[in-house]
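Dear colleague,

Please find below the structure that I am handing over to you. I would be grateful if you would read the notes that follow with the structure open beside them.

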Amino acid sequence: MDFDTPLFDSALAEAWIRAIAAAVEEEQARLTELDSAIGDGDHGTNLRRGFDAALTALDDLRPAGPGAVLTRTGTTLISKVGGASGPLYGKAFRAAGAALPEPAGPAALAEALAAGLDAVRLLGKAEPGDKTIVDAWTPAVAAFRAAAAAGTPLPGATGAAAEAAEQGARDTVPLRARKGRASYLGERSVGHQDPGATSTALLFRALAEVTGRPDGR
Ligand code: ADP
Ligand code: MG
C-alpha cells in the first residue's frame, strides 16, 4: 500500500459535509432559480435547511468513523427536508455511509457512492435520461470507478467524478423530465438544467475540493 495516498477518513468525511453546506449556501439562489423554471422553486432552500441541520448534527457526533458521518447526514436530510430531494439524498448518504469502510481508498469510496446511487434509484425509480439526480450521479460513479480501477489516487479520482457530474448536469438541459415535479411540465421542461442534477454536481465538486487540498483538510 502507498501510504502517501490520502484515504477518506472521518476528518475528510466531515470536511465534505461542511464543504457541501458552504457550496449550497453559495449556490442557493441558483438552485432555487433552476427549480423555479421547472419545479416549485424550493430546491435551494430545501438543501440549505438540510445541510445546515447536518452541520449541527455533526457537532454532536464526535468521534465517529466516516461512515457514521455520512449516515448521520442522511438521517438528518430525511428528517429536515420536505421536498423530494430530502429523502432521495438522505437515503443516498445513509447507503453510502453503511457501505463505507474506515478509512476508504478510491475504490472503496467509489463503491460507497455507487451504493448511494442505487438507493436513489430504488426510492425514486428514475432511469438515466429522466432528467433527475440520477443523470449527474451515474456518470460520476462511472468516472470514479474507472479512475480508481486505473490506480488514480483519491484527488484525481474525485476530480474526474466531479467533472463527469458537472457534464451530466449540463446534459440534462435538452432532456424531457419523466420523474418528479418537472415531469408535470412535459415538453416545457426541455431547455432547462435540472436542479437536482445540478446539486449533485455540487456534492461531487465539494468532494473533489476537500480531497484535493494539499493537507487533506
Ligand atoms: P420537490 O420536487 O419536492 O420540490 P426539490 O425541489 O428539493 O423537491 O428537488 C427537485 C429535484 O429532485 C429534481 O430537480 C430532481 O433532480 C430530483 N428528483 C425528483 N424526483 C426524482 C426521482 N424520482 N428520482 C431522482 N431524482 C428526483
Ligand atoms: Mg422543488
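A polar contact is a pair of N or O atoms within 3.5 Å. By that cut-off, the side chain of His43 makes a polar contact with ligand 1, because one of its N or O atoms is 2.9 Å from an oxygen atom of the ligand. Please bear in mind throughout that this is a predicted model.

**The ligand and its surroundings**

Two further side chains approach ligand 1 in this way. In Asp194, a side-chain N or O atom is 2.5 Å from an oxygen atom of the ligand. In Asp35, the corresponding distance to a ligand oxygen is 3.0 Å. Considered alone, ligand 1 would expose 560 Å², and the protein buries 92% of that area.

Which residues come nearest to ligand 1? There are 20 residues around the ligand, and the nearest are His43, Asn46, Ala84, Ser85 and Asp194.

**The pocket**

Where does ligand 1 sit? The ligand is found in the largest pocket. Three elements each supply two or more residues to the shell around the ligand: α2 (43-59), α4 (85-99) and α8 (195-212). Of these, α8 contributes the most, with three residues.

The largest pocket holds about 510 Å³ of space. Its lining is made up of 26 residues; those nearest the centre are Ala84, Ser85, Leu88, Gly180 and Arg181. The elements that give two or more residues to this lining are α1 (10-38), α2, α4, α5 (106-124) and α8. The lining divides into 10 nonpolar, nine polar and seven charged residues.

**Two details of the backbone**

Two points in the loops also deserve a mention. The peptide bond that joins Glu102 and Pro103 is cis, with omega about -15 degrees. Pro103 belongs to the loop between α4 and α5.

The other point concerns Lys125, which is placed in the loop between α5 and α6 (134-149). Phi of Lys125 is near 60 degrees, which is a positive value in a residue other than glycine.

With kind regards

Methods. Residues numbered from 1 in each chain as written. Chains lettered and ligands numbered in written order. Predicted model: local features only at pLDDT ≥ 70, side-chain atom pairs only at ≥ 80, totals over all residues. Heavy atoms only, no water. Near = heavy atom within 4 Å. Polar contact = N/O pair within 3.5 Å; in protein donor to acceptor, adjacent residues only side chain to side chain. Areas by Shrake-Rupley, 256 points an atom, 1.4 Å probe, with all protein chains shown as cover. 1 Å grid on protein atoms, 1.4 Å probe; cavity = no way out; pocket = protein on both sides within 12 Å on 5 of 7 lines; lining within 4 Å. Sits in = over half its atoms within 2 Å of the grid points. Helix = DSSP H or I, 4+ residues; strand = E, 2+ residues; numbered from the N terminus. Points joined across faces, edges and corners; volume = space filled by probe spheres on them. Nonpolar A, V, L, I, M, F, W, Y, C, P; charged D, E, K, R; others polar.
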